[in-house]
Amino acid sequence: MKIHEYQAKELFRSFQVPILQGFVARTAQEAADAYRKLGGDLAVIKAQLHAGGRGKGTFIEVPTQRGVQLVRSAEDASVAAKNMIGNRLVTVQTGTAGSMVNQVYLEQGCKIARELYLAVVVDRAEKLPLLMVSSEGGVEIEKVAAETPEKILREHFDPAHGLMSYQVRKLCKKLNIQGNAAKSADFFMRKLCELFVRLDCSMAEINPLVITEDDKMIALDAKITFDDNAMFRHPDLKELRDIHEEEPAELRAANSGLSFVKLDGNIGCLVNGAGLAMATMDIIKYHGGAPANFLDVGGGANTQQVTEAFRIILADPNVKAILVNIFGGIARCTTIAQAIIDASKEVGFEVPLVVRLEGTEVEEGKKMLRESGLAIISADDLTDAAKKVVASIA
Amino acid sequence: MSIFVNSDTRVICQGITGKAGAFHTKGCKEYGTKMVGGVTPGKSGETVEGLPVFDTVEEAVKQTGANATMIFVPPPFTADAILEAVDAGIEVICAITEGVPVIDMVHVYDVVKRSKSVLIGPNCPGVITPGQCKIGIMPGYIHQPGKVGIMSRSGTLTYEAVWQTSNLKLGQSTCVGLGGDPIVGTSFIDVFERFQQDDQTEVILMIGEIGGDAEEKAAEYVRNHVTKPVAAFIAGRTAPPGKRMGHAGAIITGGKGTAAEKVSALEAAGIVVAPSPAEMGQAVAEALRRRG
């Protein structure tokens with residue numbers, strides 16, 4: 001689960017991770033008020049969006065407006081907020097349709113001496129949380145990682161003890177951070193790593209992380225992704241979810257316990273198991289088709305879930321055919337067959353439906369489909385299924 | 001021979017009184033697995049499928065001589081259940097549960113690493129030595145005793161591979177479901193090491209997926225340490241970056257973990273890579289042929 005910058009910064013504040021004073025605003029008036037409350041002679045106004053690349057992004061409705069802007073008066077703040085709120089911001093990460101901005105964040109300015117990059121992730125290879133810091137702040141970190149990986153410094157830490165001071169000293173030495181700035185770095189990094197572990201983050205990224213002219217380390221941006229599997233112990237964090245940022249079909253699927261990802265093709269897929277679902281997409285492509293989605297109905301799928309899965313697939317107007325690929329383990333082929341029959345009564349299949357069943361109760365399942373009188377194209381194996389579904393729309 | 005489990009393996013189920021635990025205990029028992037008991041705190045004295053239920057794993061081991069466990073407890077309690085099994089000296093721990101927080105696994109992995117136990121999973125279908133012992137949720141009947149060692153990060157895709165190798169009359173020595181999470185107890189390399197030493201295993205099939213660099217590391221290991229023929233398949237060639245494909249671990253981040261990178265690393269190590277999931281069995285046969 002991702003959250004907005006302003007929400008991440010509220011969490012930073014509660015863990016004492018240093019940030020600048022700031023306020024969220026949902027109207028132009030609130031933005032002007034926020035500017036006055038900050039009380040300085042300049043502020044930064046930032047569109048709140050889960051996607052990155054806001055600074056270089058522009059709005060569809062107001063092409064001159066960027067996603068991040070320096071403002072020097074309450075009036076400027078109000079105008080910028082009016083340009084942003086309710087409009088769609090296009091960044092390198094949103095796609096050409098852009099993403100609707102519903103709130104902005106106003107933050108104090110500060111005098112920057114240095115810009116750095118910082119991220120914390122869980123390193124799968126080492127099976128430990130990993131702090132990464134780079135002297136190349138403010139730029140695209142993927143580029144740094146690809147071109148000059150030696151510029152990214154790495155320190156693993158044990159979640160039980162957190163990041164140790166000696167680790168920060170090592171980083172500061174290599175980054176040439178000294179004196180009060182090094183002290184500030186120790187406090188900042190250790191608090192952030194504590195937050196990472198305590199809140200079950202899967203990623204925390206700060207770009208840029210700055211050192212001010214008065215030697216303070218401060219998070220100018222804040223991105224956090226939480227481990228979905230750990231949300232059961234953070235009921236308060238669930239409240240931070242912004243459903244406007246999510247693909248409606250994916251949200252609907254998640255509510256039914258289905259794992260769904262929308263893609264650009266025209267062949268809908270309904271599969272049990274994540275690996276098999278990916279492989280089914282792959283084989284469609286291999287035989288010249290294009291999958292419209294990834295959909296894993298899970299191991300113990302019941303009739304209601306499968307029916308809902310069909311509804312979600314058919315709600316996509318691009319879908320011209322459907323491929324059902326089930327290898328029954330826990331999920332029984334008879335359950336899937338019944339669901340196909342039920343779904344056809346309810347939603348009706350106006351597009352070709354290719355079904356490949358294998359595994360638990362396969363013969364009974366196939367028999368149910370044969371006797372249902374439905375116009376189903378039955379397939380014997382994966383290749384047969386992929387070829388038939390591609391041919392059905394050729 | 002086989003790896004991890006055989007006809008002498010004595011298995012308990014942690015979470016045996018739950019719906020999934022009871023259902024799959026029955027399935028394993030029917031397959032012929034030596035199921036000897038189960039554990040659910042507070043339910044000692046009850047029986048499930050005719051098997052005794054104990055409060056603690058320690059007690060279950062003492063009473064039944066169990067040396068393997070199959071874990072079905074809910075995600076908030078899975079770490080605790082795994083650590084209890086380690087503490088009781090269980091040799092093979094299969095955690096089937098899906099949805100364990102990754103930070104929990106950091107601690108669990110650290111403890112398991114320093115113990116004599118092997119952890120398979122979490123979020124995995126389990127492990128099976130056909131005709132001898134099935135621990136987990138896979139449909140038993142698709143398997144056939146034979147020569148292919150199979151390991152995978154995905155459940156149903158493993159069934160697909162098993163089915164294909166059974167249809168080709170190659171059969172399987174042991175099939176290991178590693179699990180789809182970012183941190184799991186057993187890696188491809190751990191299993192390669194065992195298959196390499198196992199007499200029954202003549203050829204090895206690795207089924208990977210996008211995300212992380214486990215497949216690349218395994219390719220490096222194969223190049224240096226594995227003399228047996230190896231075939232592979234990587235799922236997710238068509239997956240877009242930044243989207244989690246069902247498994248927490250199956251996500252391409254920062255341009256890393258793509259299928260293309262993995263396939264080229266595998267091919268460079270002399271591994272036969274199946275171009276489509278329908279050709280995993282043929283890739284295994286091809287790997288065998290190339291060695292004559």
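This is a predicted model: local features need pLDDT of at least 70, side-chain atom pairs count only at pLDDT 80 or more; totals for chains, interfaces and linings use all residues.
Local features need pLDDT of at least 70 and side-chain atom pairs count only at pLDDT 80 or more, while totals for chains, interfaces and linings use all residues. Residues are numbered from 1 along each chain as its sequence is written, and side-chain values use heavy atoms, leaving out hydrogens and water.

Chain B contains nine helices and 14 strands, taken as DSSP runs (helices H or I, at least four residues; strands E, at least two) numbered from the N terminus. With a radius of gyration of 18 Å, close to the 19 Å from the globule rule for 292 residues, chain B is as compact as a globular protein of that length; the radius is taken over C-alpha atoms, and the rule is 2.2 Å times the number of residues to the power 0.38. Of the 292 residues, 62% are buried (under 20% relative accessible area, 1.4 Å probe, protein chains only).

B:Asp181 is buried but forms no salt bridge, and B:Arg244, the nearest side chain of opposite charge, is 6.4 Å away; a salt bridge requires a side-chain nitrogen of Lys or Arg within 4 Å of a carboxyl oxygen of Asp or Glu. Beyond its neighbours within four places in sequence, B:Asp181 has contacts (heavy atoms within 4.5 Å) with B:Val100, B:Pro122, B:Asn123, B:Ala248 and B:Gly249.

Technical notes
Chains are lettered from A and ligands numbered from 1 in the order in which they are written. Buried means under 20% relative accessible area, exposed over 50%, partly exposed in between (1.4 Å probe, protein chains only). Lys and Arg count as positive and Asp and Glu as negative; His and the chain ends are not counted.
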